[in-house]
Amino acid sequence: MEITIISAQGLKNTTTWPWWFRPFATVSTVSTASTTDVHTTNVDETIRNTNNNNNYNATWGDKFHLSIDASLFLHGHLCIYIQIYSKNFLKGRSELGWCMIPAADVFNGLLPAGFLRQFSYRLRNKDGSRGNGVVNVAVKLDASLVLGMHPQRSPMYLPEVSEYSPVLVIPVTASSTNML
């Protein structure tokens, strides 16, 4: 599986000096059994202040290939864990927020291998309460992962998609008067 940490918006700078605010992200997979290797983005040195409230945007675009067990992913025992930090000169690093992407959000059995899906998640504070900021990620499933989840399918039914594919979602509500 390929994951791209695209950007974060509305990050709160807790330091007094904006030049000390140097955000970066870590990504790992967490299962009921263990945690995998942790991958780290580069530090964004070109952060932008969105207003005068110490809210900043960061851009990375770093891609990582995660090795995951399809059976754990299929049964929902796996999630992607993202943490956003600020690299500080005096204190090392300080956590700005985190989010967990459940397997159900990433996997959709109707999507072909290679389909790129974009997600945005609100960051959480250390205690799990609502934090400041949103992280934007893109996830692409490999054909081997999709086949591992659906071994009865043949590769010819899993076309590769190389470009972003637009998706139109129309919410549908049913009332008891409209149902047959």
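Student: Is Asn 54 buried, exposed or partly exposed?
Tutor: Asn 54 is partly exposed, at 34% relative accessibility. For the cut-offs, buried means under 20% relative accessible area, exposed means over 50%, and partly exposed is in between, with a 1.4 Å probe and protein chains only.

Student: Ok, and what kind of model is this?
Tutor: This is a predicted model, where local features need pLDDT of at least 70, side-chain atom pairs count only at pLDDT 80 or more, and totals for chains, interfaces and linings use all residues. Residues are numbered from 1 along each chain as its sequence is written, and side-chain values use heavy atoms, with hydrogens and water left out.

Student: What's the mean pLDDT of the chain?
Tutor: The mean is 75, and 62% of the residues reach 70 or more. pLDDT is the predictor's confidence in each residue, from 0 to 100.

Student: Where is confidence lowest, and where is it highest?
Tutor: Helix α3 (residues 143–149) is lowest with a mean of 56, while strand β1 (residues 2–12) is highest at 93. Then there is the stretch 150–162, with pLDDT below 50 and 19 contacts in the model beyond near neighbours in sequence. Residues 173–180 are also below 50, and that stretch has one such contact. Contact here means heavy atoms within 4.5 Å.

Student: How many helices and strands are there?
Tutor: Three helices and nine strands, in the order β-β-β-β-β-α-β-β-α-β-β-α along the sequence. These are DSSP runs numbered from the N terminus: helices are H or I with at least four residues, strands are E with at least two.

Student: Back to Asn 54. Where does it sit, and what does it touch?
Tutor: Asn 54 is in the loop between β4 (48–49) and β5. Leaving out residues up to four places away in sequence, Asn 54 touches Leu 11, Lys 12 and Asn 13.

Student: Which residues have the most contacts inside the largest nonpolar core?
Tutor: Ile 3, Ile 5, Ile 82, Ile 84 and Val 135, in a core of 30 residues. β1, β2 (23–31), β5 (55–65), β6, β7, β8 (116–124) and β9 (130–140) each supply at least two of its residues. A nonpolar core is a set of buried Ala, Val, Leu, Ile, Met, Phe, Trp, Tyr and Cys residues joined through side-chain atoms within 4.5 Å.

Student: What does Ile 82 touch?
Tutor: Skipping residues up to four places away in sequence, the partners of Ile 82 include Ile 3, Ile 5, Trp 98, Val 135 and Val 137.

Student: How are β6 and β7 joined?
Tutor: Strands β6 (residues 78–88) and β7 (residues 92–102) run antiparallel with 10 bridges, and a hairpin of three residues connects them. Asn 88 stands opposite Gly 92 in β7. Two strands pair if DSSP finds at least two bridges between them.

Student: New topic: how many aromatic pairs are there?
Tutor: Four. Rings of Phe, Tyr and Trp (its six-membered ring) pair if their centres lie within 6.5 Å; planes under 30 degrees apart count as stacked, over 60 as edge-to-face and the rest as tilted. One of the pairs is Phe 21 with Tyr 56, tilted at 5.0 Å centre to centre and 40 degrees between planes. Phe 21 is in the loop between β1 and β2 and Tyr 56 is in strand β5, 35 residues apart. Both are buried.
Tutor: Another is Phe 24 with Tyr 85, stacked at 5.5 Å and 25 degrees. Phe 24 lies in strand β2 and Tyr 85 in strand β6, so this pair ties together parts 61 residues apart in sequence.

Student: What sits over the ring of Tyr 85?
Tutor: The charged end of Arg 93, 4.1 Å from the ring centre. The rule is NZ of Lys or CZ of Arg within 6 Å of the ring centre and within 35 degrees of the ring normal. Arg 93 is in strand β7 and is partly exposed, with a relative accessible area of 49%.
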